[in-house]
Amino acid sequence: MSSVSDQSPPATGSPSGASYAAAGVDIEAGDRAVELMKEWVKKTRRPEVLGGIGGFAGLFDASALKRYERPLLASATDGVGTKVDLARQLGVYDSIGHDLVAMVMDDIVVCGAEPLFMTDYICVGKVHPERVAAIVKGIAEGCVLAGCALVGGETAEHPGLLGPDDFDVAGAGTGVVEADRLLGADRIRTGDAVIAMAASGLHSNGYSLVRHVLFERANLSLDQHVEEFGRTLGEELLEPTKIYSLDCLALTRTTEVHAFSHITGGGLAANLARVVPDGLHAIVDRETWTPAPVFDLVGRTGQVERLELEKTLNMGVGMIAIVPEESADAALATLGDRGVDAWIAGEITERGEHTTGAALIGDYAS
């Protein structure tokens, strides 16, 4: 956010010689973009943040961590993938920011960490100030939903490498958790309930498959209305990724939680297996929910096998909480009060001789 560059120094010489502007880098447009984004960044401010936009580094007062006995910092970085190309085609840029925050901060909260702050990186072929500001607006709104501050970032202009309308985004975040409240596999026990939290849609994974199936093979159009969605295909595909950070933290405050699993690339089984300890097995019953129509559209249109769909897409589950069986009702009540669609989708069992860390059984409800 604080500067625009292409990682090379500007040329010098006579007025008729080469220049940074002639090479395609517009510093004035970058400055304009910074001015436009300032009001949105301010909305993410936490009391621990020092300074404002324009510095070389974002500052966060770490003395706020003194209240912890043994603070552990959690960090994560991610992007949004090829979903950005759909945003470019539709000229809708703010929802991509929500996606970015979700991808980063929902990874951080999995260990029980409170999101603290985030930085972003926006790479463009040409700086369009309003477009860059819209992307940052979405990131800032996402940070508010995640409870973290947006403390800095970079907008880099790469003419010659990216087309004038091309862009990509990435981000990194930091959170903190008390050491003795760290969540994970070592807390999970036989009989624990597996609670699923509904996804808002495809989220931000598997779009290479989605784009291949819907546009390269089926030649569908982003602006065509799809009756099952009640809106256009483009609107469905750009539905922002749900941000679960504050919902997960609320769960840890109201009931006992043993682990979370963020369902991203690799699908439900693979991501759930990452938090299941050796000797135990997570069983999830497909009949406890019905995936949204968009998953059926991708599978049916591309004749994609179910196993391929499930290892690529979230299939309607964006986050998993693993809690003691006796805490399941309280957990569902907390999530329900916060407007999160959640249900008991399975349980933790002893691992059999031929089982893996997590498995899906049954068929999806119709």
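The lining of the largest cavity is made up of four nonpolar, two polar and four charged residues. Here nonpolar means Ala, Val, Leu, Ile, Met, Phe, Trp, Tyr, Cys and Pro, charged means Asp, Glu, Lys and Arg, and polar means the others, Gly among them.

Welcome to this predicted model, where local features need pLDDT of at least 70, side-chain atom pairs count only at pLDDT 80 or more, and totals for chains, interfaces and linings use all residues. Residues are numbered from 1 along each chain as its sequence is written, and side-chain values use heavy atoms, leaving out hydrogens and water.

A cavity is a set of points on a 1 Å grid over the protein atoms alone where a 1.4 Å probe fits but cannot get out, and its lining residues have an atom within 4 Å of a point. Val-124, Lys-126 and Phe-167 are among the residues lining the largest cavity, which holds about 30 Å³ of space.

Now for two helices (DSSP runs of H or I, at least four residues, numbered from the N terminus):

| Helix | Residues | Contact residues |
|---|---|---|
| α2 | 83-90 | Lys-83, Asp-85, Leu-86 |
| α5 | 207-217 | Tyr-207, Arg-211, Phe-215 |

Contact means heavy atoms within 4.5 Å. The contact of α2 with α5 has three nonpolar, no polar and three charged residues.

Arg-211 and Asp-85 also join their side chains in a salt bridge, at 4.0 Å from N to O. This pair links distant parts of the chain, 126 residues apart. A salt bridge is a side-chain nitrogen of Lys or Arg within 4 Å of a carboxyl oxygen of Asp or Glu, and by this rule the count is 17.

Key:
On a 1 Å grid over the protein atoms alone, a cavity is a set of points where a 1.4 Å probe fits but cannot get out, and a pocket is an open set with protein on both sides within 12 Å along at least five of seven lines; lining residues have an atom within 4 Å of a point. Grid points are joined across faces, edges and corners, and a volume is the space filled by probe spheres set on the points. Axes are lines fitted to C-alpha atoms, for helices over the stretch in contact, and angles run from 0 to 180 degrees between N-to-C directions.
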